[in-house]
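Grab your viewer and work through them before you peek at the solutions.

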Amino acid sequence: MPAFKYHKQLIYGRLLAHLLADYVSFAYQEQQHALPDALIPMPLHRKRQAQRGFNQALELARPMARTLGCPMLSATLKRVQATHTQQGLTAQQRKHNLRGAFECSAPEKVTGLHLALIDDVLTTGATADEASYTLLKAGAQSVSIWCVARTP
């Protein structure tokens, strides 16, 4: 994962995206659930994206959307606050760090939809919680969190 996220080895992102899409497709068929109406990659603040050179969640969501046949709403959720990096913070500090960090720029595009929020790693869930809260407040019916890895 570090080669993908921190060293711009995008080939690993495509592989991880296809593995996650295969898993999700199988799981949703097994449980007889419909796939979400749209995928939303976890946004990075423009400064963090400029530093990194790409958004790892977008690099996962793009091939997943193609594989699953789901539309991707990449500009709908925006990170409007340049928060400190989450690494090394406690769960409480992460939650406080992210308060108000996201904005839904087009509520009419998410109203009534079941969305899947795509990210690479879920640690405490603070980022996913705040992003989901923003989408639900904007009118989304429900938000599922899809990630490649979960840290303890």
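**Exercise 1.** Work out whether Y28 is buried or exposed in this predicted model.

*Solution.* Start with the cut-off: buried means under 20% relative accessible area. Y28 comes in at 15% relative accessibility, so this tyrosine counts as buried.

**Exercise 2.** Find how many aromatic pairs there are, and classify what turns up.

*Solution.* Step one is the search: ring centres have to lie within 6.5 Å. That leaves you with one aromatic pair, made by Y28 and W146 with 5.7 Å centre to centre. Step two is the geometry. The planes sit at 75 degrees to each other, and since over 60 counts as edge-to-face, that's the label for Y28 and W146. Last, check the burial of the tryptophan: W146 has a relative accessible area of 6%, so it's buried.

**Exercise 3.** Count the disulfides, then look at C70 and C104.

*Solution.* A disulfide needs two cysteine sulfur atoms within 2.5 Å. Apply that and you get zero disulfides. Take C70: its nearest cysteine sulfur belongs to C147 and is 17 Å away, and C70 is in no disulfide. Now C104: the nearest cysteine sulfur is that of C70, 18 Å away, and C104 is in no disulfide either. As for burial, C70 has 8% relative accessibility and so counts as buried; C104, at 13%, counts as buried too.

Notes: Residues numbered from 1 in each chain as written. Predicted model: local features only at pLDDT ≥ 70, side-chain atom pairs only at ≥ 80, totals over all residues. Heavy atoms only, no water. Phe/Tyr/Trp six-rings, centres within 6.5 Å; stacked < 30°, edge-to-face > 60°. Buried < 20%, exposed > 50% of the residue type's maximum accessible area, 1.4 Å probe, protein only.
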